[in-house]
Structure formats: C-alpha cells, structure tokens
Amino acid sequence: MSVTTQPTVPLAPDGEPDLTPAKRRGGRMTISRRTNLVGWGFLLPAAGLVTLMSFWPMFRALILSFQSGRGTRMRWADPLWFNYTRLLEDKVFQQTLANTFIYLAIQVPIMLILALILANLLNDRNLRFRGLFRTAIFLPCAVGLVSYALVFRTMFANDGMVNVFLGKLGFDPVPWLNNPTTAKLVIVMGLLWRWTGYNMIFYLAGLQNIDPNTLEAARIDGAGPIRTFLYVTVPQLKPMILLTAIMSTNGTLQLFDESWNLTAGGPGYASMTMSHYLYQVSFQGSPNFGYASAISYVILILVAILALIQMKVGDRRD
Amino acid sequence: MTRTSLRRLPGYIFLTIAAIVSVFPLYFMLVSATNTSREVISSKLTPGGNLINNYNALMASQQSLWVAFRQSTIIAVVTTVLALLICSIAGYGFEVFHSRGKDRLMAVLLLAIMIPFAATMIPLFQMFAGLNMVNSVMAVVLPAVATPFLILLFRQSARNFPHEIIEAARIDGLSEIAIFFKIFIPTMRSAYAAAAVITFMAAWNNFLWPKVILINSQFQTIPMMISNLTAGYVTDFGVLMLAVTIATLPTIFVFLALQRVFAEGITGAIK
C-alpha cells in the first residue's frame with residue numbers, strides 16, 4: 001500500500017520536490033559543456049600558430065624534399081628520391097654530418113659531467129660564496145650566441161690573446177682557426193663555455209627534490225662523497241640528466257651561429273655544421289630549396305632517432 | 001672545522017677556476033672595447049683610452065647601429081608580449097578546462113619541441129615571401145610566438161592557481177575571459193616575469209631566422225649587424241668588441257637583475 005502511494009517525485013525534508021540534484025546535474029552539463037567550448041577557444045590561438053608555424057612547414061619541407069627546380073617553379077624530382085640519393089654523393093654534406101657528430105660526441109658528455117659536478121658542489125649549504133660562484137658560472141647564458149662567438153674568434157685569432165699567452169708560457173702559437181682539428185676544438189670550447197652553466201641550473205633544480213635523508217643514510221653507511229655522488233645523487237637525477245641530454249643533442253644538431261660567426265665553417269668545410277651547410281644551399285649562390293629540404297629532413301630524422309634512443313636508454317631499469 | 005674546510009679545498013679550487021673561465025671572456029670583451037685593435041690582439045688586459053675612437057669608428061662604418069638597436073628592441077618586445085599572452089591563455093586553458101581531448105592536443109603540441117628549426121625554415125620563408133612579408137617585423141615575430149615550452153610553463157604555473165578562486169569568480173558572474181585577465185594574470189606575476197625574461201633574451205639574440213627573412217640591411221637586427229662587422233677587409237677588433245659589448249650589455253643587466261627569475265624560466269616548465 002505504502003509502496004504504491006509513494007510519490008514518484010521524492011519530497012525533500014522541507015516538503016519541496018527534490019528535483020535539485022538531477023536538475024543541477026543537467027544544468028552543470030550545459031554549463032560545463034559551455035566552459036569546455038570556452039576552454040577550446042583559449043587553446044585555439046596557440047594551437048593554430050604551432051600548426052601554422054611548425055607542423056605545416058614541416059610537412060611542406062617533406063614535399064619540397066622530393067622536388068627540384070628554382071624559386072616558385074618546383075616540380076617533382078625524377079626519380080622522386082633524387083635529392084636523397086644526391087646526399088650520398090655529396091662530400092661536403094658528409095663532412096658537415098661528421099663535424100656535427102664530433103661536436104655531439106665530444107662536447108655533450110663533457111658538458112653534462114662538468115655541469116653535474118658543479119651543481120653537486122654548489123648544492124652544499126655550507127659553501128662560502130655560493131651565490132657568487134653560481135652567478136659567475138651561470139653568467140655565460142646571458143650572452144647571445146653571435147656575441148660570444150665573436151669574442152672567442154677575437155681571443156683565438158692567429159696573433160690573438162690566447163697565442164700571446166701561450167707564447168709567454170713558452171709554447172708555439174697554434175693556428176687555432178686555420179687548422180681543421182683546432183677549429184673544431186675552439187667550437188667545442190665555445191659551446192662548453194656557453195652551455196655548462198645552463199645545464200647546471202637544471203641539475204641544481206633537480207637536486208632540490210632529492211631527499212637529504214638518502215644522502216645522510218649513505219654517509220652513515222660509510223660511503224665517501226664520491227660514492228655518494230655516483231650511487232645516490234646521480235641515479236636520483238636521472239630524469240633531469242635524460243632531459244638535458246635530449247635538449248643538448250637537439251641543440252647540437254641545429255648548431256648554426258657558432259659555425260657561421262666563430263670559424264665561418266672553415267678552414268674549408270672542416271668545422272661547418274649541417275645547419276650552416278643547409279643555409280648555404282638554401283640562400284647562397286644558386287638556392288636549391290628541394291635539396292636543402294632533404295638536408296633538413298636528415299636533421300629532423302636524426303633528432304627524432306637520437307631522442308628515442310636516449311629515452312629508451314633512460315627508461316631502462318638497472 | 002679546519003678539517004672540513006680542508007676537505008672542501010678541491011671543490012673551492014674547481015669552482016674558482018670555473019668561475020674565472022666563465023667570466024674572463026666577458027671581461028676581455030669589456031676591456032677590449034676601450035682598446036685599439038692592435039692592443040686587443042696583443043692581449044692588453046687593462047682598460048685603455050680608445051673607447052671614444054672605437055665608438056666614432058663604429059658609427060662611421062655602421063651608421064645603422066642604433067637603427068639595428070631599435071629594430072631588435074621592437075622585435076623582442078612584440079615577441080615577448082604576444083608570446084606571453086597567447087601561451088599563457090593556452091596554458092591556463094589546458095589546466096583549468098582540463099579534458100581528455102585537450103590532453104591529447106597538448107601531447108601533439110609537445111611533439112613540436114622536437115622539430116628542428118632547420119626543417120621549417122625554407123617553407124616558412126616561402127610562406128612569408130608569398131604573403132609579401134619579407135623584411136617585416138611580424139615575419140620575424142610570428143614563428144617565435146607560440147612555443148610548446150612556454151605553454152607547458154604556464155600550464156605548470158596554472159596548476160598552482162587555486163581553483164576555488166575561479167569558482168568564486170564564476171559565482172560572482174565574471175566571464176571566463178575576465179577571470180583570466182583580471183584574476184589569473186595579476187596573481188601569476190612571477191610566472192609571467194620568468195617567461196618574459198627567457199622570451200625576451202631568446203628574441204633579442206635570435207640570429208638565423210632574422211638573417212633569412214630580413215633581407216634589406218636597413219632592417220637588420222643587432223646580432224646580424226655585429227656579425228657583418230667581420231665581413232669587411234680587415235676587422236678592427238676594438239670596434240668589434242665595442243659593438244659586441246653594446247649588443248650584450250642589455251641582456252647581461254637583465255640577467256644580473258633577474259637571475260632567479262631567469263633560472264625559474266628555463267626550468268619552470270619541467271617541475
């Protein structure tokens with residue numbers, strides 16, 4: 001009896017029909033739908049620009065890399081992969097590819113290890129002049145790439161400051177920028193100077209998230225500072241190390257300013273980077289956009305492959 | 001006490017060497033700006049009396065120095081304002097109007113970090129040439145405005161923004177866009193400062209893209225101008241170092257004044 005007379009709309013304690021939860025839910029749906037749309041509106045300018053300024057040009061470059069011709073009169077290459085097979089015979093391209101890998105293999109590991117050591121030293125709360133050291137080592141980041149390249153070029157000029165200094169120490173002058181090996185070395189030194197402090201800042205940020213108890217535990221277990229650093233600190237910084245490794249690899253594969261301003265790619269093509277060669281093919285002499293796009297896709301693919309390898313290695317559990 | 005100090009000694013020596021090496025090229029740059037080319041080459045490391053002569057020679061060879069300075073300032077300011085506005089609206093949108101679809105979009109946008117500029121440079125040049133925008137400020141600015149890195153940075157900072165404030169403002173009847181402009185921007189000043197410093201520096205120092213798209217020398221930026229100083233027959237190193245100093249001092253001042261903000265900017269997106 002009571003069951004059948006039960007009102008279909010339950011009454012709230014105060015006697016009003018309790019429609020509110022359902023009603024409110026319905027209302028929320030439309031409001032949240034509306035705010036969801038507003039949300040998409042917030043993303044639109046940025047997403048549109050990234051698409052227009054990165055994804056679309058990247059796709060266009062792929063098309064271009066299968067084309068040949070000048071200016072606006074581009075047609076499909078014959079055979080389609082002509083620009084790519086040309087890379088295999090282009091000695092200059094291969095030289096710049098090798099140069100870029102030399103920079104990558106020598107500079108990035110040295111830089112990241114130096115940055116790790118510096119960050120670990122600066123993370124010591126009892127260190128005197130901590131702020132001063134940090135500011136000094138971080139300072140090169142404030143200098144533009146063109147500016148520092150020109151300063152290094154002046155210091156390493158044939159009769160320049162570095163050679164005068166070496167002479168005072170009794171060494172023979174070194175033709176820094178005129179020798180294929182030392183020209184690369186000057187670029188590596190420049191990169192180390194400019195970017196070590198930058199990476200150090202990432203490690204300092206990462207070190208703040210490390211539980212001091214783990215370091216204390218290691219100390220109590222009798223581990224010295226070096227063992228603590230290697231077996232306690234470094235493993236905990238692994239995500240940061242992976243990030244800086246990927247960023248540095250990405251940056252090294254795109255080097256341009258240093259190659260252009262510090263060594264002008266020389267002597268010959270001995271210190272030229274891939275991006276510098278790409279610029280030359282694109283905008284100097286008789287521009288060849290199709291071939292240049294093929295070069296740019298080699299850079300793109302290398303960036304992707306190396307990032308994937310690093311993420312695989314970084315993900316591996318040890 | 002003395003034992004721990006002694007144990008720290010190698011660390012101090014290492015840090016001191018690193019600090020000297022880091023600062024020395026800048027000291028060399030500053031001092032050389034006041035010396036003659038021959039003094040620079042012969043490694044005179046004390047201030048000289050040739051600053052005025054270097055300045056006059058620089059003006060005589062490159063009348064466009066202050067024009068380039070103005071051009072760089074305009075480009076850096078416009079880039080910074082637009083980048084902060086567009087990326088912060090997006091970062092806020094991703095966090096506050098969070099949904100699965102938006103997460104997917106963010107993942108796609110993040111892929112753009114891995115696209116090397118080299119791979120977009122030629123089509124971008126063709127695109128802006130097609131729009132008759134070669135030599136224009138906006139052609140320099142637009143590719144630098146929306147960066148996934150900045151969007152990420154603002155999304156991270158929006159994460160710390162209390163949601164209750166947004167709810168309260170909604171109940172007060174503020175529109176979503178008004179909440180963003182009137183409440184989010186003023187409370188997130190430190191995130192904006194960090195983003196502004198890194199964006200301004202990057203725009204000020206950018207070289208390759210301005211070099212590609214600003215063809216006429218009357219539109220050249222500061223980095224382009226100092227780079228061209230070495231293209232002559234004989235480089236006057238005193239003049240060159242003065243020009244490099246003028247190009248570098250603004251960013252060094254910004255850095256020294258806002259070092260923590262700068263550090264926050266480069267690492268903020270990954271916290």
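This is a predicted model: local features need pLDDT of at least 70, side-chain atom pairs count only at pLDDT 80 or more; totals for chains, interfaces and linings use all residues.
View 1. Helix α1 (residues 2-32) of chain B is the main contributor to the side of chain B that touches chain A, giving 16 residues. That side of chain B divides into 64 nonpolar, 17 polar and 7 charged residues. Polar contacts do occur across the interface of chain B and chain A: the rule finds 9 residue pairs, both partners at pLDDT 80 or more.

**View 2. The contact area between chain B and chain A.** Contacts join 88 residues of chain B to 85 residues of chain A. About 7400 Å² is buried between the two chains. Carbon and sulfur atoms give 79% of that area. Three residues stand out on the chain B side: L15(B), M114(B) and I122(B). They supply 9% of the area that chain B buries against chain A, more than any other three residues. The size of an interface is often given as the accessible area lost when the parts come together.

**View 3. K211(B), a buried lysine without a salt bridge.** K211(B) sits in helix α12 (residues 208-213) of chain B. Its side chain is buried yet has no salt bridge. The nearest side chain of opposite charge belongs to D257(A), 9.5 Å away. K211(B) has no salt bridge to D257(A) because a salt bridge requires the nitrogen and the carboxyl oxygen to lie within 4 Å. Leaving out residues up to four places away in sequence, K211(B) touches F256(A), W260(A) and Y279(A) from chain A. M224(B) is also touched by K211(B), from within chain B.

View 4. Over all chains, the count comes to 4 salt bridges. One of them pairs E216(A) with R219(A). Their closest N and O atoms are 3.1 Å apart. Both residues belong to helix α9 (residues 212-220) of chain A. They are 3 residues apart, so about one helical turn separates them. E216(A) is partly exposed, at 35% relative accessible area. R219(A) is exposed, at 55%.

View 5. Side chains of opposite charge can pair when their charged atoms come close. E167(B) and R170(B) meet in a salt bridge, 3.5 Å from N to O. Both lie in helix α9 (residues 163-171) of chain B, 3 residues apart, about one turn of the helix. R170(B) also forms a salt bridge with E176(B), the closest N and O atoms being 2.7 Å apart. Shared partners join E167(B), R170(B) and E176(B) into one network. E176(B) is buried, with a relative accessible area of 8%.

**View 6. L169(A), an exposed leucine in a loop.** L169(A) lies in the loop between α7 (161-168) and α8 (180-208) of chain A. At 53% relative accessibility, L169(A) counts as exposed because the threshold is over 50%. L116(A) is 53 residues from L169(A) in sequence. In space, the two are 32 Å apart, C-alpha to C-alpha.

Technical notes. Residues are numbered from 1 along each chain as its sequence is written. Chains are lettered from A and ligands numbered from 1 in the order in which they are written. Side-chain values use heavy atoms; hydrogens and water are left out. Contact means heavy atoms within 4.5 Å. Buried area is the accessible area (1.4 Å probe) that two parts lose on being put together, summed over both. A polar contact is a pair of N or O atoms within 3.5 Å; within protein, one must be able to donate a hydrogen and the other to accept it, and residues adjacent in sequence count only if both atoms are side-chain atoms. Helices (H or I, at least four residues) and strands (E, at least two) are DSSP runs, numbered from the N terminus. Ala, Val, Leu, Ile, Met, Phe, Trp, Tyr, Cys and Pro count as nonpolar, Asp, Glu, Lys and Arg as charged, and the others, Gly among them, as polar. Buried means under 20% relative accessible area, exposed over 50%, partly exposed in between (1.4 Å probe, protein chains only). Lys and Arg count as positive and Asp and Glu as negative; His and the chain ends are not counted.
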